[in-house]
Amino acid sequence: GSFGPQTASLGESSIQELKAYPNPTSGGLNVSYSSVESSDVALRLIDMTGRVLIDENASAREGQNNETLDLSGFPAGSYVLQVVQGSSVDYLRIVKQ
């Protein structure tokens with residue numbers, strides 16, 4: 001395959017219905033998503049300077065998936081949750097109180 005910038009339309013994304021709650025959160029963050037296939041998924045929490053604060057790997061199964069991230073050790077502010085599955089990348093803005 002090519003290594004250039006890749007864009008995926010919603011129809012091609014293997015991650016669907018990505019949600020994170022409670023948002024804003026004071027600590028625990030539940031991440032739920034639906035996957036069209038069983039494969040490895042990377043969950044990353046990135047601060048506004050681009051630093052990766054959490055980098056967790058999970059094994060997604062076909063259908064609904066749930067993961068929990070602990071944000072209690074991080075300062076209040078805005079973060080980005082990045083979920084990567086294969087060539088699909090999805091983002092959610094997370095607010096830590």
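T25 is found in the loop between β1 (15-21) and β2 (28-35); strands here are DSSP runs of E with at least two residues, numbered from the N terminus, just as helices would be runs of H or I with at least four. This is a predicted model, in which local features need pLDDT of at least 70 and side-chain atom pairs count only at pLDDT 80 or more, while totals for chains, interfaces and linings use all residues. Residues are numbered from 1 along each chain as its sequence is written, and side-chain values use heavy atoms, with hydrogens and water left out.

Let us stay with T25 for a moment. Is T25 buried or exposed? With a relative accessible area of 1%, T25 is buried, a word that means under 20% relative accessible area, with exposed meaning over 50% and partly exposed anything in between (1.4 Å probe, protein chains only). Not counting residues up to four places away in sequence, T25 touches L71, I94, V95, K96 and Q97, where contact means heavy atoms within 4.5 Å. L71 sits 46 residues from T25 along the chain, and their C-alpha atoms are separated by 8.0 Å. The side chain of T25 also reaches the backbone oxygen of G28 at 2.7 Å. That is a polar contact, a pair of N or O atoms within 3.5 Å; within protein, one must be able to donate a hydrogen and the other to accept it, and residues adjacent in sequence count only if both atoms are side-chain atoms.

Most residues other than glycine have a negative phi, and most peptide bonds are trans. The peptide bond from Y21 to P22, however, is cis, with omega near -10°, and P22 is placed in the loop between β1 and β2. A cis peptide bond also joins N23 and P24, with omega about 10°, and P24 has its place in that loop between β1 and β2 too. Over in strand β1 you will find E17, a residue other than glycine whose phi is positive, near 55°.

Now follow the strands on either side of the loop. β1-β2-β5 is the order of an open sheet of 3 strands with antiparallel pairing; two strands pair if DSSP finds at least two bridges between them. β1 and β5 (63-70) stand at the edges with a single partner strand each, so one side of each is left without a neighbour in the sheet. From one strand to the next, the twist averages 15°, the axes being lines fitted to C-alpha atoms (for helices over the stretch in contact) and angles running from 0 to 180 degrees between N-to-C directions. β2 and β5 run antiparallel and are joined by 8 bridges.

Q82 has its place in strand β6. Q82 is buried, at 12% relative accessible area, and its side chain joins that of Y91 in a polar contact of 3.2 Å. Among the residues in contact with Q82, leaving aside neighbours within four places in sequence, are A42, L43, R44 and I46.

Side chains of opposite charge can pair when their charged atoms come close. How many salt bridges does a search of the whole structure find? There are 2, a salt bridge being a side-chain nitrogen of Lys or Arg within 4 Å of a carboxyl oxygen of Asp or Glu. R44 and D55 meet in one of them at 3.4 Å, N to O, linking strand β3 (residues 39-47) to strand β4 across 11 residues. R44 is partly exposed at 23%, and D55 counts as partly exposed at 47%. D47 forms a salt bridge with R51, with the closest N and O atoms 3.1 Å apart; D47 counts as buried at 12% relative accessibility, whereas R51 counts as exposed at 54%.
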